[in-house]
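Okay, everyone, thanks for coming. Let's get the model up on the screen and take a walk through its rings.

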Amino acid sequence: MDNPAHALGRRPRHARYPLQLLALALAVIVAALVSLVLGRYHMSVGEVLGMLASRVVPVSPSWTVQQETLFFNVRLPRVVMALMVGCSLSASGATFQGVFQNPLVSPDFLGASQGAAFGACLAILLSWGALATSVAAFVASMASVVVVLLVSSRAKGNRILVTVLAGVMVSSLFQAGVSYTKLVADPNVQLQAITFWLMGSLVSARPRDVALVALPMLVGNVGLLCQRWRVNALTMGDDEALSMGVDAPRVRAACVVFATLVTAASVSVTGIIGWVGLVVPHLARGIVGVDYRRLLPASMLLGGVFLLVVDDVARLATTAEIPIGILTAFVGAPFFMWLITRRRRA
C-alpha cells in the first residue's frame with residue numbers, strides 16, 4: 001500500500017526533519033541576535049556583530065567603551081545563559097517524559113528544583129555570596145535526587161511509580177525547608193532576596209555564572225543526546241526494551257543522572273523557571289514527531305528560542321524587570337491547556 005503521506009503529495013516527517021532542524025537552528029541565531037540588539041541601551045546590529053568579531057579578528061571599533069563593557073559583561077552572558085538554560089530544561093523535560101512514560105512530568109518532578117531552592121535559601125539566610133549561593137543550590141539539587149533514587153531503590157513495587165512518589169515526598173520536605181527559611185529570614189533584606197530568587201530571573205547572569213554551569217550542562221546534554229535512541233525503547237515499556245537489548249533500569253538511571261545534572265545547573269544560577277521543560281517538548285513533538293532521535297535535538301533548539309523570547313519580554317515589557325518564572329507560567333499554562341484540548345478534539 002502506498003504511504004499516505006506520498007498519496008497526499010507530502011514528504012514523510014523523517015524526510016522533512018533536516019529542513020526542520022535547520023529552520024530551528026536559524027531561529028536560534030535570529031533570536032539570539034535580536035536579543036543582543038534589544039535593550040534599554042541601544043546597540044545596532046553592526047555594532048553587535050563588530051564587537052563579536054573583535055574577539056576573533058582585528059576590527060576598527062565603531063562603538064564606545066561603555067557599550068563594549070555592557071555588551072560583554074551583561075548582555076552577552078544573559079543571552080548565552082538563556083540559550084543554555086532553555087536548551088537544558090527542555091532536554092531534561094523531554095527525557096523525563098519518555099523515561100517515565102508520562103507526558104505530564106517536568107524537570108523538577110524528582111525534587112531537583114525544590115532541593116536547589118532550599119540550598120539557595122539557606123545560603124541567602126547565612127549571608128553567603130552569589131557564587132556560594134549557586135554552588136549550594138546545585139549541591140542541594142543533586143542531593144535531593146540522590147535521596148529520591150535511594151528511596152526508590154529500597155522500596156518494593158512498581159519502580160516508576162515508587163520513584164514518582166519518592167520525588168513528591170522529597171519535594172515536600174524541601175518545600176517545608178524553604179518555608180522555614182522564609183519564616184526566619186530578615187524581612188527587609190533576606191526575605192526579599194529569597195522571594196526574588198524563587199521567582200527565577202536571568203538579571204544576574206554574568207560571565208562567571210556561564211563558566212560555572214557550562215561543564216555540567218555540556219556533560220549532561222551530551223549524555224542525553226547519546227541516550228536518545230534508548231529512550232525510544234523505554235517509551236514502549238521495560239519488557240519491550242529488554243527484547244531490543246536495552247537494559248531499562250540502567251538506561252533510566254543514566255538518563256535521570258544526566259537530566260538532573262542539567263536541571264540542577266540551570267536552577268542554581270537562574271532560580272526556579274517552570275513550564276519550559278513541560279511545554280517545549282510537547283511543542284517539539286508537534287513539529288518533528290515522537291522519535292527521540294529527532295525530538296531531543298529539536299526540543300533543545302526550541303527551548304533556547306522560547307526562553308530567549310520570554311526573557312526579552314521580561315526585561316523590556318515594563319520599566320521594572322519582570323521575573324522570568326512569572327512569564328513562563330503565564331505563557332506555559334494557557335498554552336498547555338490549549339494543547340490538551342486540541343489533542344482531545346483531534
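One term before we start: buried means under 20% relative accessible area, exposed means over 50%, and partly exposed is in between, with a 1.4 Å probe and protein chains only. Also, this is a predicted model, so local features need pLDDT of at least 70 and side-chain atom pairs count only at pLDDT 80 or more, while totals for chains, interfaces and linings use all residues. Residues are numbered from 1 along each chain as its sequence is written, and side-chain values use heavy atoms, with hydrogens and water left out.

So, Phe100. Its relative accessible area is 4%, so Phe100 is buried. Phe109 is buried too, because its relative accessibility is 13%.

Now the rings. Rings of Phe, Tyr and Trp (its six-membered ring) pair if their centres lie within 6.5 Å; planes under 30 degrees apart are stacked, over 60 edge-to-face, and the rest tilted. That rule gives five aromatic pairs. One of them is Phe96 with Phe100, tilted, at 6.0 Å centre to centre and 40° between the planes. Phe100 also pairs with Phe109, this time edge-to-face, with 5.0 Å between centres and 75° between planes. Put together, ring pairs link Phe96, Phe100 and Phe109 into a cluster.

Over to a charge. What lies over the face of Phe72? That's Arg55, at 3.8 Å from the ring centre. For this, NZ of Lys or CZ of Arg has to be within 6 Å of the ring centre and within 35 degrees of the ring normal.
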